[in-house]
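This report concerns helix packing and the nonpolar surface of one model. The sequence and structure are shown first.

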Amino acid sequence: MTDDVFGFHDTDLGRSVNNADNSHSSQFSKRGLDIFGAVAGLIVLLPLFAFLAAAIKLTSKGPVFFKQKRHGLNGKIFTAYKFRSMYSNRCDQSGVRQTTKNDPRITPVGRFLRRSNFDELPQLMNVLKGEMSLVGPRPHVPGMLANGVPYEVFDPRYQSRHKVKPGITGLAQVKGFRGETKDAYAASMRLKYDLEYIETRSLFVDVKILINTVIQEFLGGKGY
């Protein structure tokens, strides 16, 4: 398990706020942070987007963006955007087949995108549309598997993670639980931190998670 530089501990996070702040003002503040972060991110990262788009088009056939159906708030299905990181004829639109380390479906450029987590950046457009938030449980595909069975069968609490908008990053990710959920431990810990975030969320916690994401994920390069 990964400790972050701001000291997210299992009990400390829960104590940072008395209860999840679900007031209208907190929701307004969170949406404000989402809009500001998404607009600022798209403007600042526009040159990077152009470079990555060119690299994808020049090195493999197919579209720049990969679109996939995901579960959103209250389980509503929406289309999530990503930079395409796989060969077009090997993409799994269902997403049920999870990406593995050294997956042969991934292009050379795609390996960089996944290692740096830059493949997720187009989801800033989903944030602007109100389908996602900057911070929240990662959006899963319908039929997501955990330890070889549907997640909701693995743990009946799974549907509770859809009580909030999914995020580009989340508590589980900064705690080191991202990627495959093929074994019981990884699957249970991912859900544990998703639910912990929902119960303790606040604007302050969101900012801490965003800072940790930049340090650990985008700069640390742990994805595949």
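Ile43 lies in helix α2; helices are DSSP runs of H or I with at least four residues, numbered from the N terminus. The model is predicted, with pLDDT of at least 70 needed for local features and 80 or more for side-chain atom pairs, while totals for chains, interfaces and linings use all residues. Residues are numbered from 1 along each chain as its sequence is written, and side-chain values use heavy atoms, leaving out hydrogens and water.

Together with Ile35, Val39, Val44 and Leu128, Ile43 forms a nonpolar surface patch with about 430 Å² of accessible area (Shrake-Rupley method, 1.4 Å probe, only the protein chains shown counting as cover). Patch residues have over 30% relative accessible area and no salt bridge, and nonpolar side chains are joined within 5 Å; a salt bridge is a Lys or Arg side-chain nitrogen within 4 Å of an Asp or Glu carboxyl oxygen. Helix α2 supplies the largest share of the patch, four residues.

## Packing of α2 and α3

The axes of α2 (residues 24-44) and α3 (residues 46-59) come within 4 Å and cross at roughly 60°. Axes are lines fitted to C-alpha atoms over the stretch in contact, with angles from 0 to 180 degrees between N-to-C directions. The two helices α2 and α3 are therefore oblique to each other, a class left after under 35 degrees (roughly parallel), over 145 (roughly antiparallel) and 65 to 115 (roughly perpendicular).

How values were computed
Patches are made of residues with over 30% relative accessible area and no salt bridge: like charges are joined within 9 Å, nonpolar side chains (Val, Leu, Ile, Met, Phe, Trp, Tyr) within 5 Å.
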